[in-house]
Amino acid sequence: PGVVLVHGSGDQGRDQQVGPNRTFKEIAWGLATRGVAVLRYDQRPVACDIDRTEATVDDLVTDDAVTALERLREYDRIEETFVAGHSLGGRLAPRIAVQDDELSGVIMLAPLAEPISDAIVRQTEYQLEQNPNLTDDQRQAQLAQVEGLAERIRTLDIGDDELINLGGGERGKPFFRTLQEYDHVETAASLDIPRFILQGERDYLVTVEDDLAIWEEELAEDPEVQIKRYETLNHRFQPGEGMGRPSEWSEPNPVAKQVVVDLTTFITDQSQNHS
């Protein structure tokens with residue numbers, strides 16, 4: 001079996017590196033040691049010179065993932081293929097599956113479910129609370145700024161040549177418009193292949209209460225859907241205690257082994273069912 005890994009928000013390379021942590025490389029090497037081939041790639045904005053003001057969700061995510069799956073199948077040893085998206089990539093994994101009818105399963109790692117405009121306000125609020133160096137006035141001022149930006153994203157009040165930086169990558173109006181037009185929950189529910197949702201309970205970016213609850217409401221009764229929560233893991237599936245902190249990502253702390261084991265089990269179970 002083979003799997004393509006799809007990034008979350010921002011401009012990211014194939015390793016999905018933050019500080020000393022390389023989330024996708026760690027998952028890929030873990031899966032490879034268990035007999036699962038992995039294809040990783042640099043996101044288009046990292047690898048190419050593109051017009052960001054024109055780029056849609058498909059330009060930046062979906063099309064390249066579909067192409068990567070086609071490339072993966074060119075290897076003789078690959079028999080079953082899967083897509084695994086993280087965060088925003090998890091939200092878009094069902095969209096990729098709709099455009100690729102040869103997939104054996106969809107994996108959604110900490111998939112964002114609530115509107116991105118709501119998420120950035122909630123995430124900012126949490127991060128500001130974690131910063132002891134800010135006064136209440138400074139917190140309020142920064143939050144108000146983000147709330148204004150979120151409202152502009154929600155209403156698509158974005159200039160044709162304007163770029164908005166979320167998660168370390170500039171995106172234009174077509175990106176936010178096409179993201180809004182895509183019904184991720186309905187798309188995920190419409191699939192007739194196995195789906196596996198993984199969620200860390202210490203994740204403050206994509207949370208059990210705000211995001212997983214939305215997926216569960218629509219998908220929990222579907223016999224083809226597995227959902228697993230990890231009490232001690234954060235957004236990048238690193239172990240720790242208490243709710244996640246922004247500083248955690250800059251500390252060396254690899255992806256929990258259990259996640260790799262569970263991914264392998266899901267992938268090999270589907271492969272055996274098809275063989």
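The paragraphs below go through the sheet of this predicted model and the helices beside it. Local features need pLDDT of at least 70 and side-chain atom pairs count only at pLDDT 80 or more, while totals for chains, interfaces and linings use all residues. Residues are numbered from 1 along each chain as its sequence is written, and side-chain values use heavy atoms, with hydrogens and water left out.

Six strands form an open sheet, in the order β4-β1-β5-β6-β9-β10, with parallel pairing. Strands (E, at least two residues) and helices (H or I, at least four) are DSSP runs, numbered from the N terminus; two strands pair if DSSP finds at least two bridges between them. β4 (37-39) and β10 (225-230) stand at the edges with a single partner strand each, so one side of each has no neighbour in the sheet. From one strand to the next, the twist averages 20°. Angles here run from 0 to 180 degrees between N-to-C directions, and axes are lines fitted to C-alpha atoms, for helices over the stretch in contact.

Within the sheet, β5 (81-86) is joined to β1 by five bridges, the two running parallel. Gly2 has Thr81 in β5 as its bridge partner. β5 also pairs with β6 in the parallel sense, over six bridges, and there the partner of Val83 is Val106 in β6. Six of the six residues of β5 are buried, where buried means under 20% relative accessible area (1.4 Å probe, protein chains only). Thr81, Val83 and Gly85 point one way from the strand, and Phe82, Ala84 and His86 the other way.

β5, α4 and β6 make a right-handed β-α-β unit: with the strands pointing away from the viewer, the path from the first strand over the helix to the second runs clockwise. Helix α4 (residues 88-98) is mostly covered, with 10 of its 11 residues buried. Among them are Leu88, Leu92 and Ile96.

Key:
Buried < 20%, exposed > 50% of the residue type's maximum accessible area, 1.4 Å probe, protein only. Contact = heavy atoms within 4.5 Å.
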